[in-house]
Amino acid sequence: PAFRRFQRGYYLGYLPALAADWLQGPYLYKLYQHYRFLEGQIAILYVCGFASSIVFGLVSSSLVDRLGRKKSCVLFSLTYSICCLAKLSRDYLVLAVGRVLGGLSTALLFSAFEAWYIHEHVERYDFPTEWIAVTFSQTAFWNNVIAVGAGGTADFFAEWLGLGPVAPFMVSIPLLVLSGVFAVKNWDENYGKKRAFSKTCGDGLKCLLSDRRILLLGTIQALFESVIYIFIFLWTPVLDPHGAPLGIVFSSFMAASMLGSSLYRLAISKRYHLQPV
């Protein structure tokens with residue numbers, strides 16, 4: 001029961017943050033198009049977000065450990081809310097700054113929350129370490145469900161209510177506030193080991209170059225992600241001229257992704273014994 005309560009407290013802080021992130025997926029390109037920006041200008045805005053995510057991704061673990069995991073989760077809520085508010089502006093520079101803040105927020109979203117959970121699970125509550133996988137497995141399931149629902153929700157506010165492509169970003173803000181306020185009121189602070197940033201990067205690079213398998217895996221992952229990012233940029237301008245409901249299409253993508261994960265788990269189960277080689 002104590003573990004269930006702790007788990008529920010983590011979900012109530014983390015899942016609204018994930019929902020806010022997914023809500024922004026279907027109508028980002030459409031919003032910039034609505035503001036009359038050219039495809040090349042929109043591409044630069046996308047690159048600002050991706051580059052920001054790379055840069056802040058390198059320092060996010062050190063930042064989170066030094067600042068504190070709880071404070072980092074609250075910082076995420078603040079920066080992502082500002083990123084959403086920036087979408088109200090038609091000024092190109094403001095939108096670019098918003099994308100940079102979005103990159104920082106993404107880096108925090110996928111580092112601070114999990115780091116906070118693992119520390120609390122192991123150090124404060126001393127639950128069995130194998131239970132961590134149970135929580136993250138359930139989180140992955142709910143993340144997929146939320147992603148599917150986010151597409152329909154975004155479509156409802158943008159198209160059905162006629163509020164336009166900026167509406168999903170405004171709907172994200174209350175969820176971000178909810179996540180931040182819940183963390184402030186219910187979570188305890190914890191910190192990681194303070195290591196020099198240069199040593200952290202050096203150790204990572206050494207690990208990457210010392211094992212050929214890790215280098216190959218990283219290369220394959222990078223190539224796959226590059227295809228995904230090209231797809232993320234192009235799917236809206238390809239489908240939108242045909243009158244496709246962008247939110248519903250986004251939900252379909254997420255449902256297909258969920259199906260792929262389920263098929264993989266089924267394939268490697270004891271019943272079929274298919275193993276990745």
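A salt bridge here is a side-chain nitrogen of Lys or Arg within 4 Å of a carboxyl oxygen of Asp or Glu. The structure is a predicted model, and by this rule it has six salt bridges. One of them joins the side chains of E189 and K71, with an N to O distance of 3.4 Å. E189 sits in the loop between α8 and α9 (197-210) and K71 in helix α4, so this pair ties together parts of the chain that are 118 residues apart in sequence. E189 counts as partly exposed because its relative accessibility is 22%; K71, at 39%, is also classed as partly exposed.

Another salt bridge is formed by the side chains of D240 and K30, at 2.9 Å from N to O. D240 belongs to the loop between α10 (212-239) and α11, while K30 belongs to helix α2 (residues 28-34); the two are 210 residues apart, and the pair links distant parts of the chain. D240 is buried, with a relative accessible area of 18%, since the cut-off for buried is under 20%. K30, with 22% relative accessibility, falls in the partly exposed class.

The side chains of E120 and R124 form a salt bridge with an N to O distance of 2.6 Å. Both residues are in helix α6, and because they are four residues apart, about one helical turn separates them. E120 is buried, with a relative accessible area of 1%, whereas R124 is partly exposed at 40%. A network of salt bridges links E120 and R124 with D188.

## Contact of α3 with α4

Two packed helices are described by the angle between their axes and the distance between the axes. For helix α3 (residues 39-67) and helix α4 (residues 69-86), the angle is about 115 degrees and the axes are 6 Å apart. On the α3 side the contact is made by L63, V64, D65 and L67, which meet R69, K71, S72 and L75 of α4. Sorted by class, this contact has four nonpolar, one polar and three charged residues.

## Helix α7 and its surroundings

Helix α7 (residues 130-160) has 31 residues, which at 1.5 Å a residue should span 45 Å; the C-alpha atoms at its ends are 45 Å apart, so the two values agree. Its buried residues are I132, T135, T139, N143, N144, I146, A147, A150, G151, A154, D155 and A158. These buried residues pack against α1 (2-23), α6 (112-124), α8 and α11 (246-267). Just after α7, G162 has a positive phi of about 70 degrees.

Helix α8 (residues 167-186) contains S172. S172 is buried, because its relative accessibility is 0%. Leaving out residues up to four places away in sequence, S172 touches A20, L23, Q24 and C84.

## Nonpolar cores

The largest nonpolar core has 45 residues, of which Y10, Y32, F76, F113 and W187 touch the most other members. At least two residues of this core come from each of α1, α2, α3, α4, α5 (92-109), α6, α7 and α8. The largest share, 10 residues, is supplied by α1.

Not counting residues up to four places away in sequence, Y10 touches F113, E114, W116, Y117, T135, F136, T139 and W187.

## After helix α11

Y272 is in the segment that follows α11. Its relative accessible area is 41%, so Y272 is partly exposed. Apart from neighbours within four places in sequence, Y272 is in contact with L266 and A267. Y272 and Q138 are 134 residues apart along the chain, and 23 Å separates their C-alpha atoms.

Definitions and conventions
Residues numbered from 1 in each chain as written. Predicted model: local features only at pLDDT ≥ 70, side-chain atom pairs only at ≥ 80, totals over all residues. Heavy atoms only, no water. Buried < 20%, exposed > 50% of the residue type's maximum accessible area, 1.4 Å probe, protein only. Contact = heavy atoms within 4.5 Å. Axes fitted to C-alpha atoms, helices over the stretch in contact; angles between N-to-C directions. Nonpolar A, V, L, I, M, F, W, Y, C, P; charged D, E, K, R; others polar. Expected span 1.5 Å × (residues − 1). Core = buried A, V, L, I, M, F, W, Y, C linked by side-chain atoms within 4.5 Å.
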